[in-house]
2 protein chains.
Amino acid sequence: MMIADPHDPRLDDVRDLNKSDKSGEGLVIAEGHLVVSRLVASRFPVRCIVGFASKLEHYVDIYGDPGCPMYEVSRETLAEVAGFDMHRGLVAAADRSTPLEVAEVIQDAQTVVVLEGVGDHENIGSLFRNAAGMDVDAVLLGAGAADPLYRRSVRVSMGHALRLPFARFDGGFTTWQRSLALLADAGFHLVSLTPDEDAVHLADALEGHAKIALMVGAEGPGLTEHAMRATHVRAQIPMAPGTDSLNVATAAAIAFYERQRSFR
Amino acid sequence: MMIADPHDPRLDDVRDLNKSDKSGEGLVIAEGHLVVSRLVASRFPVRCIVGFASKLEHYVDIYGDPGCPMYEVSRETLAEVAGFDMHRGLVAAADRSTPLEVAEVIQDAQTVVVLEGVGDHENIGSLFRNAAGMDVDAVLLGAGAADPLYRRSVRVSMGHALRLPFARFDGGFTTWQRSLALLADAGFHLVSLTPDEDAVHLADALEGHAKIALMVGAEGPGLTEHAMRATHVRAQIPMAPGTDSLNVATAAAIAFYERQRSFR
């Protein structure tokens with residue numbers, strides 16, 4: 001359906017994207033064909049897809065009927081609604097729906113990653129992309145972990161933040177340690193990633209465990225000592241002298257790779 | 001030495017950083033303590049360090065006398081000169097000096113990475129950071145690889161673009177294939193990274209070779225078929241079905257890790 005008026009309320013779900021993340025409105029936003037298709041395939045109920053005529057047509061050609069309203073707009077209308085020139089020409093909005101529970105997402109999982117204090121939306125997005133790419137089953141968000149459904153996280157994740165199950169531990173410090181103990185009780189071998197040279201090599205830490213929970217902390221401070229104490233083993237990726245620890249999403253990617261490799 | 005006048009020509013090396021990369025002027029720019037210290041320790045002749053009084057003092061306390069002029073400026077002066085509020089408060093400029101030759105940088109190298117078409121400055125920066133962190137000896141730039149000394153590349157590399165030797169192959173397509181043949185003649189086992197599921201596992205591709213040249217291509221298109229044909233083996237990082245190939249700097253980091261691991 002063609003909408004010419006930028007003030008049409010049916011376009012409110014994608015309005016002012018330059019100013020607002022829409023998280024406050026309980027929405028999740030996907031941009032571009034690939035990410036929109038992952039939103040449509042996700043557990044989040046899609047409210048609408050808005051785009052240029054050619055982009056909508058192309059979308060349906062590739063992915064079929066999305067089962068939600070599709071609003072055709074001109075480049076100028078979309079720019080005015082979104083607040084910037086959206087050259088991808090396709091954007092969708094969905095409801096955030098009820099968050100998943102930790103117990104739910106770990107139930108059949110073999111490999112999970114636990115984030116402590118990873119507050120950067122791009123890092124969270126990259127982490128989801130890498131985790132999805134290398135068979136991680138779920139992401140658990142601890143204290144200070146940023147929102148995976150934030151618009152930038154979703155974009156950087158290439159939509160995998162919408163597909164890969166995640167759950168947030170309850171806040172509060174005692175709860176954080178108890179949460180980790182819960183994971184251990186569920187049979188997970190807890191491995192914390194650290195640049196500490198006294199830690200065992202990642203390959204040795206990951207070998208021979210049916211269920212692994214990999215813990216990573218924020219770039220810079222890394223995992224808190226409390227979190228590390230709650231894990232079974234501290235693992236390192238050996239670094240050349242005089243260099244810095246890896247970006248958190250990169251370090252995690254290497255751990256995911258090593259985990260997958262241990263099944264060879 | 002205190003400089004109050006933003007128009008003082010001694011500040012020209014760090015002028016208009018918001019508009020210009022200074023590459024055109026043959027300069028390389030470093031920002032913040034850590035990166036400035038790596039510039040000072042590099043092969044590039046430092047022309048000056050400009051910063052707030054406290055930042056200059058702190059720099060000298062940690063790293064000692066840099067052996068170049070240091071200009072003290074106020075926050076307002078630096079903002080006017082650079083064109084934006086530089087909250088790090090410390091910036092240095094150096095001459096680019098003569099580029100290194102391929103023969104020079106591979107001479108004693110055991111592990112090199114070869115980039116084809118990696119045109120994104122952030123990816124180049126991340127690649128240098130990861131390569132330096134995991135004992136890669138040199139970076140070789142093929143057709144379409146972005147400039148590692150670009151300001152953003154240097155920043156993202158955390159200054160490792162200034163430390164890790166790199167050289168650019170001459171342009172022209174025939175030359176590109178001949179360059180790769182040259183690497184093979186120098187004893188390097190050429191390994192191309194590809195998402196192709198028929199390729200051998202990365203671990204198998206890297207095992208048992210004294211000298212390895214890892215080839216990576218741009219995200220999206222990846223390596224050209226011509227480049228891959230010039231390598232000894234095609235290697236893959238196995239990916240989960242329905243996911244995308246990894247970011248080029250992340251894929252390279254995994255390969256660097258695997259290379260280092262093969263020496264265990």
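Me: Let's settle terms: helices (H or I, at least four residues) and strands (E, at least two) are DSSP runs, numbered from the N terminus. With that in hand, where is R96(A) found?

Reply: This is a predicted model in which local features need pLDDT of at least 70, side-chain atom pairs count only at pLDDT 80 or more, and totals for chains, interfaces and linings use all residues. Residues are numbered from 1 along each chain as its sequence is written, chains are lettered from A and ligands numbered from 1 in the order in which they are written, and side-chain values use heavy atoms, with hydrogens and water left out. R96(A) is found in chain A, in the loop between β4 (90–95) and α4 (102–106).

Me: Does R96(A) count as buried or exposed?

Reply: Buried means under 20% relative accessible area, exposed over 50%, and partly exposed in between (1.4 Å probe, protein chains only). Setting aside neighbours within four places in sequence, R96(A) has contacts (heavy atoms within 4.5 Å) that include F44(A), D147(A) and Y150(A). At 19% relative accessibility, R96(A) counts as buried.

Me: How many residues apart in sequence are the parts that D147(A) and R96(A) tie together?

Reply: D147(A) and R96(A) form a salt bridge with their closest N and O atoms 2.8 Å apart; the rule asks for a side-chain nitrogen of Lys or Arg within 4 Å of a carboxyl oxygen of Asp or Glu. D147(A) lies in the loop between β6 (138–141) and α6 (151–156) of chain A, while R96(A) is in the loop between β4 and α4, so the parts tied together are apart in sequence by 51 residues.

Me: On to the two chains. How much area is buried between chain A and chain B?

Reply: The contact takes 34 residues from chain A and 34 residues from chain B. On chain A, the residues that lose the most area to chain B are R129(A), D244(A) and Y257(A), together 22% of what that side buries. Buried area is the accessible area (1.4 Å probe) that two parts lose on being put together, summed over both. Carbon and sulfur atoms give 47% of the total, which is about 2,700 Å².

Me: Which residue does R38(B) meet in a salt bridge?

Reply: Six salt bridges are counted between chain A and chain B, including one of 2.6 Å between R264(B) and D204(A). The side chain of R38(B) also takes part in one, at 2.8 Å from N to O, and its partner is D244(A). R38(B) lies in helix α1 of chain B and its partner in the loop between β11 (233–236) and α11 of chain A, so two chains are joined by R38(B) and D244(A).

Me: Which helix gives the largest share of the side of chain A that touches chain B?

Reply: Among the helices of chain A that each supply at least two residues of this side are α1 (33–40), α5 (121–133) and α11 (248–261). The largest share, seven residues, comes from α11(A).

Me: How many disulfides does a search of the whole structure find?

Reply: A disulfide needs two cysteine sulfur atoms within 2.5 Å. The sulfur of C48(B) has its closest cysteine sulfur in C68(B), at 6.9 Å, too far for a bond. C48(B) is buried at 2% relative accessible area, and C68(B) is buried at 12%. Over all chains, the number of disulfides found is zero.

Me: Which residue's backbone nitrogen does the side chain of D65(B) reach?

Reply: D65(B) sits in the loop between α2 and β3 (70–72) of chain B and counts as exposed at 66% relative accessibility. The C-alpha atoms of D65(B) and V40(B) are separated by 9.8 Å, though these residues are 25 apart along the chain. At 2.9 Å, the side chain of D65(B) reaches the backbone nitrogen of G67(B).

Me: Last one: which residue does D95(B) meet in a salt bridge?

Reply: D95(B) is partly exposed, with a relative accessible area of 27%. Its side chain meets its partner at 2.9 Å, N to O, and that partner is R47(B). The pair links distant parts of the chain, 48 residues apart: D95(B) is in strand β4, and strand β2 holds R47(B).

Methods
Polar contact = N/O pair within 3.5 Å; in protein donor to acceptor, adjacent residues only side chain to side chain.
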